[in-house]
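Student: Please take a close look at one part of this model with me, and then show me how it connects to the rest. I would like the cut-offs behind each term as you go.

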Amino acid sequence: MANSPKQHGGNILAVANELGCPVAALLDMSSNLMPLPMVAGLRETIIERLDEIAYLPETESETLRDLFAARHRRKNDEVLVGNGTTDFIFAAPNLAGLTRAVIVDPTYNDYRLACDWAGLPVSGFPLAAADDFHLDLNRLAATLAGGELVFLCNPNNPSGTITPSADLHAMIAAHPETLFLVDESYLQFTREASLLDLAPLPNLLILTSYSKIYGIPGLRLGFLTGTPARLAAISARNKPWGVNRVAQVAGEFLVTHGDAHVEAVLQYTATHRPAFVAALAALPGIEVVNGVCNFILCRLTGAMRAGALRKAMLAHRIIIRDCANFTGLDDRYFRVSLKDPVGNRRCLDALTKILTPS
Ligand SMILES: Cc1ncc(COP(=O)(O)O)c(C=O)c1O
C-alpha cells in the first residue's frame, strides 16, 4: 500500500509481517510515539479492571468525559470522547453550513481524505520549504471569506513547526465566520500553552489525542472540545459504543495520573533531542527542518530518494517514514522520531552507513 492516501507511519505489525520478522526485531522510527516505557501504573490499572470488558462501555464515556472537562475547566457538554481523534477528523467535514475546507500543506494527510469522503471541496494553503514550513497567520487570514473549515495542526505533523497558541487564538477570534479545527496531538511534547487553557471560542474545535504522548495508539482514545451545539451535531452521528471499555478505563487513569509521565517526556526530549538533531544534520546529504517536536522532518540533498532510503533502512530492521505522499512534500523527504538512546544511535549508525559515499 505504498503511498496510498491511507498510508501512515507506525505500521509496525504490517512491516513485521512483510519482512517475516518478529515485531521486537524492528526499530520503529516512523511512529511519533513518546519514547519512554509505558506510563507507570497503566498496565496494573488495565489488568485490575479487565473484567469490565464483560460490560458494555459507557455510551458517551461519561466518566472520562467529565474528568477531562473538569481538568480543562470546560462544561461536560463541551467535550466529546472518541475512538482516537481520527473519529472527529472524519466527522468535522460533515458539519452543516461549510463551503470548503482549507488545509495547510504539508500536514497530516487524513484531513484531506476526510474532506474527500465528506464531499467537501479543499483549498490547499502551501507553506514554503525555504521558510521551514512556517505558518504566516496573516497570509492565511487574507484567504478567508467565511464558511470555511480550517484544519490547523499545532505543532504540525510532519514539519514539527509550531505557531504560538496566543497568536492562533487571536486569529480565530478575529474570524468568527470561519470554523477552525486545531489538532493538538503533539502539543504536549512542547511547553507551549494549549488552546484548552485559553478562553473558549464559538468557532473553535480542539483535538486532543492520547495516542502519542501516552504511547497508546492501539487503544484508540481522543477528545474533541468545542461548543455544545456543534458537539451535539457531531455526537448525533456517532456510532453507539464507539470507545471501548479498556480505552475508557485507561483514559480515566491517564487524565488523573498522567502528568508525571508528560513531564518525564518533556525532560527526556529536552535532554536528547538537540544531540539527535545535530547528529542527523551532520550526516552527508541530509538537511533537517527546524521544528520543536519529538519527530524530525529531514530532506535528502543528494541522489538518494526517501523510498530507497526507507528500503535500505528496512534491511537494518529500521522503519522510517517516507514522506513522499504528503501533499506539499516530495520524494526527498523522510521523518524520524526521537526514541531511546540505543534506538537513536542505531538509526544514526544505519543512516551513516547508507549515506556515506564509499
Ligand atoms: C496530527 C495527527 N492528528 C491525529 C492523528 C490520529 O491520532 P489518533 O486518532 O490516534 O488520536 C495523528 C496520528 O498519526 C496525527 O499525526
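Tutor: Let's start with helix α12, residues 341–355, which has 15 residues and reaches 21 Å from its first C-alpha to its last. That is close to the 21 Å expected at 1.5 Å a residue, where the expected span is 1.5 Å times one less than the number of residues. Helices here are DSSP runs of H or I with at least four residues, strands are runs of E with at least two, and both are numbered from the N terminus. Residues are numbered from 1 along each chain as its sequence is written. Please keep in mind that this is a predicted model: local features need pLDDT of at least 70, side-chain atom pairs count only at pLDDT 80 or more, and totals for chains, interfaces and linings use all residues.

Which residues of α12 are buried? They are Asn344, Cys347, Ala350 and Leu351. Because they cover an arc of only 135 degrees around the axis, they sit on the same side of α12; the arc is that of the directions from the helix axis to the C-beta atoms. Buried means that 20 or more other C-beta atoms lie within 10 Å of a residue's own, exposed means 12 or fewer, and partly exposed is in between, with C-beta atoms placed from the backbone. An α-helix has 3.6 residues a turn, so residues three or four places apart point the same way. Val342 and Asp349 are exposed, on the face of α12 turned away from its buried side.

What do the buried residues of α12 pack against? Their partners are β1 (27–28), α10 (259–282), α11, β11 and β13 (333–337), where contact means C-beta atoms, placed from the backbone, within 7 Å.

Arg317 has a phi near 65 degrees, a positive value in a residue other than glycine. With 17 C-beta neighbours inside 10 Å, Arg317 counts as partly exposed.

Across the boundary, 21 residues of domain 1 are in contact with 23 residues of domain 2. On the domain 1 side, α10 and β10 (295–300) each supply at least two residues, and α10 gives the largest share, 5 residues. By class, this side has 12 nonpolar, 8 polar and 1 charged residues. Here Ala, Val, Leu, Ile, Met, Phe, Trp, Tyr, Cys and Pro count as nonpolar, Asp, Glu, Lys and Arg as charged, and the others, Gly among them, as polar.

The largest nonpolar core has 85 residues, of which Phe151, Phe180, Val182 and Ala250 touch the most other members. Helix α9 gives the most to this core, with 7 residues. Domain 1 and domain 2 both give residues to the core, so it lies between them. A nonpolar core is a set of buried Ala, Val, Leu, Ile, Met, Phe, Trp, Tyr and Cys residues joined through C-beta atoms within 7 Å. Leaving out residues up to four places away in sequence, Phe180 touches Val150, Leu152, Ile172, Asn203, Leu204 and Leu205.

Helix α9 (245–257) also meets α3: the buried residues of α3 pack against β2, β8 (222–225) and α9. Those buried residues are Leu64, Arg65, Leu67 and Phe68. They cover an arc of only 165 degrees around the axis, which puts them on the same side of α3. Just after α3, Arg73 takes a positive phi of about 50 degrees, and Arg73 lies in the loop between α3 (62–71) and β2 (79–82). Arg73 is exposed, with 10 other C-beta atoms within 10 Å.

Asp51 and Arg245 are 194 residues apart in sequence and 9.9 Å apart in space, C-alpha to C-alpha. Asp51 is exposed, with 9 other C-beta atoms within 10 Å.

Methods
Contact = placed C-beta atoms within 7 Å. Domains from an automatic or database assignment.
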